[in-house]
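Here is my note for your review. Please read it with the model open beside you.

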Amino acid sequence: MEKKPVIEVEGVSVSRSGTRVIEGANFTVLQGEFVGVVGPNGGGKTTLIKATLGLLPRDSGAVRLFGQPVEQFNTWKRIAYVGQDAVNFDQTFPLSVRELVSLGRIQKENLGHRLTGDDWRRVDEILGFMGIRDLAEKRIGQLSGGQKQRVFVAKAMVREPDILFLDEPVAGVDAETQERFYMKLSNLNAQRGTTIIDVSHDLSAVFCRMSRVICVNREVNVADIGDEMGFTKALKKAYGDHFHFVFHEHMCEGLFADDRPD
Ligand SMILES: Nc1ncnc2c1ncn2[C@@H]1O[C@H](COP(=O)(O)OP(=O)(O)OP(=O)(O)O)[C@@H](O)[C@H]1O
Ligand SMILES: [Mg+2]
C-alpha cells in the first residue's frame, strides 16, 4: 500500500519579532514515518514545528495536515504535541501524575463525562510504558524536570494520536532513560504505525530509528538516513562546515533490530 503524506509543508517562511527564522521550508512526512528534526540552538526547530501545527503565523507558504489546509483542519485529536516548554508548568497544580496523564483521554466527544475503565487501563499502561508508574500518586510539582517531561510525553501518548510531535522530549533526562524512551518510541512507531516527528539534539540516540532527518537552520534541508552523503551535506548546512558526524554502522546493528525502519 502506498503511504499517504500526512504532513505537507510547502514554501513556508516564518518570522519572529520581524526577523525571518524559517526560509522556504519544503518537506513531506508520510504516514508511519519516524522523522528527526535537528539543528543548532536558535536554528528554528521549535518555530518550524509550531508553524506546521498552525500555532504561529506564516509569512508565506502552505501547510496541509492529512491533506487538509491547516487552517481548516479540525480533527486535532489525531495529533498530539509535547512542546519544549511543557514542563514550565504551574508547580502548585493540584493534580497527581495519574490524574494529569488521564486528561489526555479527554476529547471533545467525552468532555464532561467520566473516564471509563478502559481509559484508566490505558493510563496505567502508559505510566508503565514511560517508567513512571511509581510516581502515579505524586503531585506534579513534586517531580524532577526529567520526571515531569516523561509525564507530559505520557499524557500525549495516552491519546493514541496518529501523529506525535515531540520537541526535545528527553532533553536533560539521563542517558539510560533516553535510550529506553527511544526504544519505546520506535516500538510505538513500528507496532501502532504512529507517525513521529521528534526534535532532538542528540542524533546518536535516534538516528538508527529514523527514516529521515529534517535539518533546520533558517534553511530547511531533509535528508534520508540511508543517503550518507546527502545526510552529511544537510547536517553541514545546518551546523556549518566544521561539523563532523561519524557514521557508526555498529551503533545500529543488533540494537532494536526489529524496529529499524525498512
Ligand atoms: N517567542 C519568541 N519571540 C521572538 N523571537 C523568538 C521567540 N521564540 C524564538 N524566537 C527566535 O526565533 C529563532 C528560532 O528559535 P527557535 O526557538 O525556533 O529555535 P530552536 O531551533 O527551537 O532552538 P533550541 O534548540 O534552543 O530549542 C531564534 O532566533 C529565537 O531567538
Ligand atoms: Mg526549540
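**Notes on the predicted model**

1. D202 sits in the loop that runs between strand 8 (195-199) and helix 6 (203-206). This is a predicted model. With a relative accessibility of 34%, D202 counts as partly exposed. A171 is 31 residues away from D202 along the chain, and their C-alpha atoms are separated by 8.6 Å.

2. Now the overall fold. The chain has eight helices and 10 strands. Its radius of gyration is 18 Å, close to the 18 Å given by the globule rule for 262 residues, so the chain is as compact as a globular protein of that length. The C-alpha trace spans about 50 × 45 × 40 Å along its principal axes. Of the contacts with a separation of 6 or more, 66% are between residues 24 or more positions apart.

3. Next, the surface. Of the 262 residues, 47% count as buried. The accessible surface of the chain comes to about 13,000 Å². Carbon and sulfur atoms hold 49% of that area. Charged side chains number 33 positive and 36 negative. The centres of these two sets lie 5 Å apart.

4. Which protein atoms are the donors of the magnesium ion (ligand 2)? They are OG1 of T46 and OE1 of Q84.

5. Q84 has a relative accessible area of 39% and is partly exposed.

6. Helix 1 deserves a look of its own. It is mostly covered, with seven of its eight residues buried. The buried residues are K45, T46, T47, L48, I49, A51 and T52. Just after helix 1, G54 takes a positive phi of about 75°.

7. Most residues other than glycine have a negative phi. S17 is not a glycine, yet its phi is positive, at about 45°. S17 lies in the loop between strand 1 (5-16) and strand 2 (19-30). At 81% relative accessibility, S17 counts as exposed.

8. The other angle is at E168. Its phi is near 50°, again a positive value in a residue other than glycine. E168 lies in the loop between strand 7 (163-167) and helix 5 (175-192). Where S17 is exposed, E168 is buried, with a relative accessible area of 12%.

9. What does V199 touch, not counting residues up to four places away in sequence? The list is V37, K45, I49, L166, D167, E168 and P169. E168 is the residue with the positive phi near 50°. V199 itself is in strand 8. V199 is buried, with a relative accessible area of 0%. From V199 to D124 the C-alpha distance is 26 Å, and the two are 75 residues apart in sequence.

10. F152 lies in helix 4 (residues 145-157). F152 is buried, with a relative accessible area of 9%. F152 and S204 are 52 residues apart along the chain, and their C-alpha atoms are separated by 23 Å.

11. Last, G193. This glycine lies in the loop between helix 5 and strand 8. G193 is partly exposed, with a relative accessible area of 31%. Leaving out residues up to four places away in sequence, G193 touches G32 and L188. G83 is 110 residues from G193 along the chain, with 22 Å between their C-alpha atoms.

Technical notes: Residues numbered from 1 in each chain as written. Chains lettered and ligands numbered in written order. Predicted model: local features only at pLDDT ≥ 70, side-chain atom pairs only at ≥ 80, totals over all residues. Heavy atoms only, no water. Helix = DSSP H or I, 4+ residues; strand = E, 2+ residues; numbered from the N terminus. Rg over C-alpha atoms; globule rule 2.2 N^0.38 Å. Buried < 20%, exposed > 50% of the residue type's maximum accessible area, 1.4 Å probe, protein only. Contact = heavy atoms within 4.5 Å. Areas by Shrake-Rupley, 256 points an atom, 1.4 Å probe, with all protein chains shown as cover. Lys, Arg positive; Asp, Glu negative; His and termini not counted. Charge placed at Lys NZ, Arg CZ, Asp CG, Glu CD. Donors = N, O, S within 2.8 Å, 3.2 Å for Na, K, Ca; no water.
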